[in-house]
Amino acid sequence: MTIDSAPFRSWLTALERRHLADLRLSEVTRALRALSSAYVERRDTGLRGALDSAGKRAAFALYYAPLHFLVTDLIVRALAAGVPAPASILDIGCGTGAAGAAWALAAGGVPVTGIDRHPWAAAEARWTYRELGLDGRARQGDIARLPPLPARSAVIAAFVLNELSAETRGRVEERLLEAAGRGARILIIEPIALRPVPWWRAADERFRSLGGRADEWRFPVSLPASLQLLDRAAGLRHAELTARSLYSPGVPARINRAASGACVRRRCRRRWRPA
Ligand SMILES: C[S@@+](CC[C@H](N)C(=O)[O-])C[C@H]1O[C@@H](n2cnc3c(N)ncnc32)[C@H](O)[C@@H]1O
């Protein structure tokens with residue numbers, strides 16, 4: 001399982017070395033509490049404001065990024081989204097690169113490109129790809145101005161659409177739908193709570209009309225000790241990793257039934273429509 005895999009564990013160790021070199025753990029946990037409440041209370045202010053201190057950046061990199069890596073890995077495997085491997089992966093709003101890296105690794109190590117408007121995030125994504133042994137590049141950029149997406153690529157938007165204005169999200173969604181219609185694999189991941197994503201049901205309809213599917217996920221998990229520590233500091237107890245996803249396979253994908261045990265099954269069956 002990925003959570004016990006050598007690359008994941010050594011990435012976690014390298015993250016701690018990197019982000020705890022100049023900060024005490026107590027500073028990071030304090031920043032993590034501030035960051036967590038910023039996500040809950042002020043989603044519309046975006047991450048740019050939320051990453052305005054070294055402590056918050058370290059908290060994001062050490063806590064949220066590994067959780068996003070793990071949940072993306074589980075979703076990609078459950079959807080069999082890495083099989084056959086896409087030619088490459090584009091991670092829009094890549095943050096520190098975790099979600100795109102997880103998909104790239106699950107697909108056998110395909111090249112990955114990250115785009116993020118925050119210069120710190122783009123630099124961290126480059127570091128993440130190197131640490132995980134991936135052929136990866138990342139650049140600073142605004143996903144509101146995405147170029148047309150190549151039909152053979154896979155695109156992931158993890159925990160980012162909820163940070164965009166309605167107008168920008170509409171434009172990004174249009175690009176993603178257009179690419180899905182031309183055969184690109186598209187994966188959108190957002191928190192399982194509907195409050196931050198009031199637009200979800202409408203987007204779900206649009207993706208399903210192109211042969212996509214919507215899922216809600218609850219994966220039982222036993223986190224590594226370092227993440228459990230931060231979990232408690234954030235006032236959380238992750239006995240499971242949760243998320244919702246929209247997936248358009250480009251061409252109809254086989255569902256990995258063995259891996260999808262954690263999916264809310266009734267919903268999967270009801271919502272799966274072959275193209
Ligand atoms: C909550 S983080 C998620 C990061 C990453 N996808 C993950 O799963 O860990 C959202 C990211 O989206 C980026 N972002 C927000 N609006 C953006 C935009 N218009 N263009 C590019 N990146 C954006 C933020 O800078 C931040 O790094």
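**View 1. Strand β4 and its parallel neighbours.** In this predicted model, strand β1 (residues 89-92) pairs with β4 in the parallel sense, and 3 bridges join the two. Leu90 has Val155 of β4 as its bridge partner. Strand β5 (residues 185-190) also runs parallel to β4, to which 5 bridges join it, and here Ala154 stands opposite Arg185 in β5. Between β4 and β5 the chain passes through helix α7 (residues 166-181), making a β-α-β crossover that is right-handed.

**View 2. The two covered faces of β4.** In a regular strand the side chains alternate between the two faces of the sheet. Strand β4 (residues 154-158) is mostly covered, with 5 of its 5 residues buried. Ala154, Ile156 and Ala158 are buried on one side, while Val155 and Ala157 are buried on the other, so that both faces of β4 are covered.

**View 3. The whole sheet.** The open sheet is formed by 7 strands in the order β3-β2-β1-β4-β5-β7-β6, and its pairing is mixed. At the edges lie β3 (136-140) and β6 (213-220), each of which pairs on one side only. From one strand to the next, the twist averages 20 degrees.

View 4. Strand β7 (residues 240-248) and β6 pair in the antiparallel sense over 8 bridges, and the bridge partner of Asp215 in β7 is Ser245. Helix α7 packs on the sheet, where α7 touches β4, β5 and β7, and the direction of α7 makes about 145 degrees with that of β5.

Terms used:
Residues numbered from 1 in each chain as written. Predicted model: local features only at pLDDT ≥ 70, side-chain atom pairs only at ≥ 80, totals over all residues. Buried ≥ 20, exposed ≤ 12 C-beta atoms within 10 Å, placed from the backbone. Helix = DSSP H or I, 4+ residues; strand = E, 2+ residues; numbered from the N terminus. Pairing = 2+ DSSP bridges. Right-handed = clockwise from strand over helix to strand, strands pointing away. Axes fitted to C-alpha atoms, helices over the stretch in contact; angles between N-to-C directions. Contact = placed C-beta atoms within 7 Å.
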